[in-house]
Each structure stands twice: as C-alpha cells, then as structure tokens.
Amino acid sequence: MELLEKIRKEKATIAIIGLGYVGLPLSIAFLNKNFKVIGLELDQTKIDTLKKGESYLNHIPSEEISSYVSKKKFIVSKNFKNITKADVVIICVPTPLNKFREPDLGPVLSSASKIQKFLKKGQLIILESSTYPGTTDDVLTKELEKSNLKANEEFFLAYSPEREDPGNKKFSTSTIPKIVGADTFFSRKLASELYKKVISDVVTVSSSRTAEATKLTENIFRSVNIALVNELKTIYDVMEIDIWEVIEAAATKPFGYMPFYPGPGLGGHCIPIDPFYLTYKAREFEVPTKFIELAGEINTSMPHFVLKKVIDSLSLVSGKPIRGAKILIIGMAYKNDIADLRESPSLTLAKLLKQNKAKVSYHDNFIPVLPSLEGFSELAGMKSISLQKNVIDKFDAILVITNHSYIDFDLIAQNAKLIIDTRNALKNLKSNATIIKA
Ligand SMILES: NC(=O)c1ccc[n+]([C@@H]2O[C@H](COP(=O)([O-])OP(=O)(O)OC[C@H]3O[C@@H](n4cnc5c(N)ncnc54)[C@H](O)[C@@H]3O)[C@@H](O)[C@H]2O)c1
C-alpha cells in the first residue's frame, strides 16, 4: 500500500536497467512525469555521454536529457547498489539469440542476480525485455528469490513488454498502449498504476506468461506476414507482376486485409529474433512450430534472392560479372530514419557481395563509419560516401536497401545506370536507368 501511495503521488524512485532503445525513452517518460530515475547501465561510453547531458540515440534530442541530469533527477550509474534507493526496478536489457540460435537470457539473469543482492521488501520488479512465456514466473523468480524474499508476497513482480518503434513519428513511448501482466492482483495493480502515470492506455492481462506470449505473438504475426509477401514477391517476380502494385490494390479492400511489404530481409532486435524464443520454448512441450520456422527460413533467404537479382541484372544490362563490379548500397541501417545496424540485411548483402568479389561502397548519413561487428569483421571501418551526380554515375549498380527519407532518390534515378530497388523507393520517378525491383 505504501508503494501504491508513492506511485499515485509520483514520489516513487524508478531504477531502469539497460539504457538502450527501450530503457532510455522509458526513463525520459518517467522523468517527464516528475519521477526520479536511476539508470543502471554497463556501457561506460553511454554513462559518460548521459552524464554530459547528451543523447546517443538520434531520435532522442539531448535537450530531453540534460536538465534532468543537471538537476540530479536522472542519476546514471554502473553501481547496482543504487537499487536500495529505488521503489521500482525495470529491466530493459537485450534478449539476443546465442550462436545456436537459442535464447540467451544472460543479460536478464545477470541483472536479476545483481538485483537480488540489494532487493528490499515491498519493491516492485518489472521485466520489459522480450522473452518466452515463463521467464518472469520461473527463471526470474528463482533468481530473485535467492534474496530469501518471496515473490508476490514480500516483493512484487510483473512483466510488461515494450512496443517501442524507434523513429516512428506517429507513436512514442507514452502513446503506445502498454500490456501489463502479473500473477497476483496486487502486483498487477502496482505495475498498471505505475504505467498509467506515463502511458495513455494500459491493458492488463491475467498473468506474466500471457503478457510474454502477447509480445511474441505480435512479432511472430509480423514475421509470418512479411515472409508471406516475400514469398509472393518471388512468385510474382517470375510472372512479371509487380508485387508493390498488387499490395497497393489489395489494400483498397476495407476489411479482411492488412498490407505488409516485402524487403531485402528482416532487421532489428525484434522480428528476426523473438519468434525463436517461442520455438525454443515449444520444444520443451513437444509441439511443432512449422509456421514460425518456415517464416524464418523465407525471410533469411531474402538477401540471397536480392544478391541473385544483382548478379543477373548486371549480366543482362551491361554484360558484367559480379567480380569487380562497383556496387553502391543505399542505406546500412536496418530501417529508415534510424541509426540501428542490428541484424541489418545491408550488412549481409555487403558481405555476400564482397564474397563474390564485387567492389562495395555504401551511403548512409546515419552511419558514417561501420563499426566492427560480430560476423562482419570484413566491413569494419568502411565509410559512407556522399551522394553526388559524379559519384553515382561511377557505379555499375546502385542497390537500394534502406529508404531513409532524406535520400534524394531523384538524383539517383537521374544518374545511375542500373538500380536494384528492394523498397520501391524509385516508384513514380522518371529515369533512364534500368530499374529492377528485388
Ligand atoms: N529496440 C526496440 O525497438 C525494441 C522494441 C520492443 C522490444 N524490445 C526489447 O527490449 C529489450 C531491450 O532492447 P533494446 O533495443 O533497448 O536493446 P539495446 O541493446 O538498445 O539496449 C540494452 C542496453 O542494456 C545494456 N545492458 C546489457 N546488459 C546489461 C546488464 N546486465 N546490466 C545493465 N545494462 C545492461 C546495454 O549496454 C544496452 O545499453 C530486448 O529484449 C528487446 O527485444 C526492443
């Protein structure tokens, strides 16, 4: 009751573990409502940047951070002892796959192991990271109960999946409805009252497992539907039918159809990863997950489909082999208008093109230099080149992978010889170039 009162009066202190794409905007949402926030992060560069009042996410301006840091309303630290000062602890750490494509709960477990050392009676712990059903009430509970405190009796536990969509101009953290699930009435009450302070629409579900399954269902729905249009793309391609025109026409149906768009492959920390959290868990129950696996197979084959298009169109248009061909990739980030490289199909395509001995360059103002990334060491240090007439016309092919809104596609259309367009970015543009949709 004491915590409920503090939440209602906006007097609770919120610790947020992991200040990335999810944790940082969430911190700001709480700060904007007058809560005190303690951000706990492992990455010293991020801590140093925030302590200077600066942002490292291009869609979050530094001004949203600096005053809170200087007024000490936003404390940023590596020291988990700060948990003793918090009323609520929210975990926003990554949930990647390991090299066997199985869930890696390492960051969640290491956070829980640090929390339990400082856990106090009456605190509320919320997991936001995407994960399989049972993580909160089984894995997390076991770790936190090492504190000798009982979950949902002496401390409270909830799961609330994040639906962050970085760069989305229509929705932000506060305006995206939020799911909250917990296994007892009071934990649900505490967590939902907390989020109601910062989010316009909070939807409670009966358990943490239901909330975990809801998040995975949303992302599997996207993965399967994207796989479907990607497969349709390959079918219509041989029939010489434009998938983009088909989708545009189909989307005029006012019921029973929702448009999804094909692309060069999945990217980001969610859609290519989360479905496999469920397939992993389903194995324990011996239930098949054919649909999800098939969608994954189709989506991961897309960069190879695009590569074949590049090879075939070079040969058809200029009689050139891929070996030695100069290719300019437009867009390195996995989606438009953000600087996120995680699982980006551009990386896979740059690697595949290099393996085929093409001379690869890229343009992306959001990513001036490619860092060293696991699995892509051959791309480390590559620099974005500027887009100018006399640069574009030197390339044998331009491969459009990410259609950032600042990119002058007309300039590309006017000066390229061959354009392979995976995003329909050249739609309606006049050009003397050969444009191949892929
Ligand atoms: N990025 C999105 O748009 C998005 C959307 C919905 C859900 N999610 C989910 O939210 C979770 C976080 O994703 P993200 O995109 O914010 O990841 P991120 O990599 O951007 O941020 C995670 C942060 O956690 C830090 N970290 C890692 N381990 C830590 C630890 N043990 N203690 C403290 N800090 C630690 C990292 O240094 C990093 O700054 C994931 O489960 C993801 O699937 C992400």
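## Aromatic pairs and a cluster

Rings of Phe, Tyr and Trp, the last taken by its six-membered ring, count as a pair if their centres lie within 6.5 Å. In this predicted model, a search of the whole structure finds eight aromatic pairs, and F30, F35 and Y195 form one aromatic cluster.

## The pair of Y132 and Y280

The ring centres of Y132 and Y280 are 5.7 Å apart and the planes stand at 35 degrees, so this pair is classed as tilted. The pair links distant parts of the chain, since Y132 belongs to the loop between β5 (124-127) and α6 (135-144) while Y280 belongs to helix α10 (residues 275-284), 148 residues apart.

For F156 and F186, the centres of the rings are 5.5 Å apart and the planes are at 65 degrees, so the pair is edge-to-face. F156 lies in strand β6 (residues 156-159) and F186 in helix α7 (residues 185-196), so parts that are 30 residues apart in sequence are tied together by this pair.

With a relative accessibility of 12%, F156 counts as buried, while F186, with a relative accessible area of 22%, is partly exposed.

## Charges over rings

Aromatic rings also meet charged side chains here: the charged end of K114 sits over the ring of F80, at 4.5 Å from its centre, and K351 lies over the face of F376, 5.2 Å from the ring centre.

Key:
Residues are numbered from 1 along each chain as its sequence is written. This is a predicted model: local features need pLDDT of at least 70, side-chain atom pairs count only at pLDDT 80 or more; totals for chains, interfaces and linings use all residues. Side-chain values use heavy atoms; hydrogens and water are left out. Rings of Phe, Tyr and Trp (its six-membered ring) pair if their centres lie within 6.5 Å; planes under 30 degrees apart count as stacked, over 60 as edge-to-face and the rest as tilted. Helices (H or I, at least four residues) and strands (E, at least two) are DSSP runs, numbered from the N terminus. Buried means under 20% relative accessible area, exposed over 50%, partly exposed in between (1.4 Å probe, protein chains only). A charge sits over a ring if NZ of Lys or CZ of Arg is within 6 Å of the ring centre and within 35 degrees of the ring normal.
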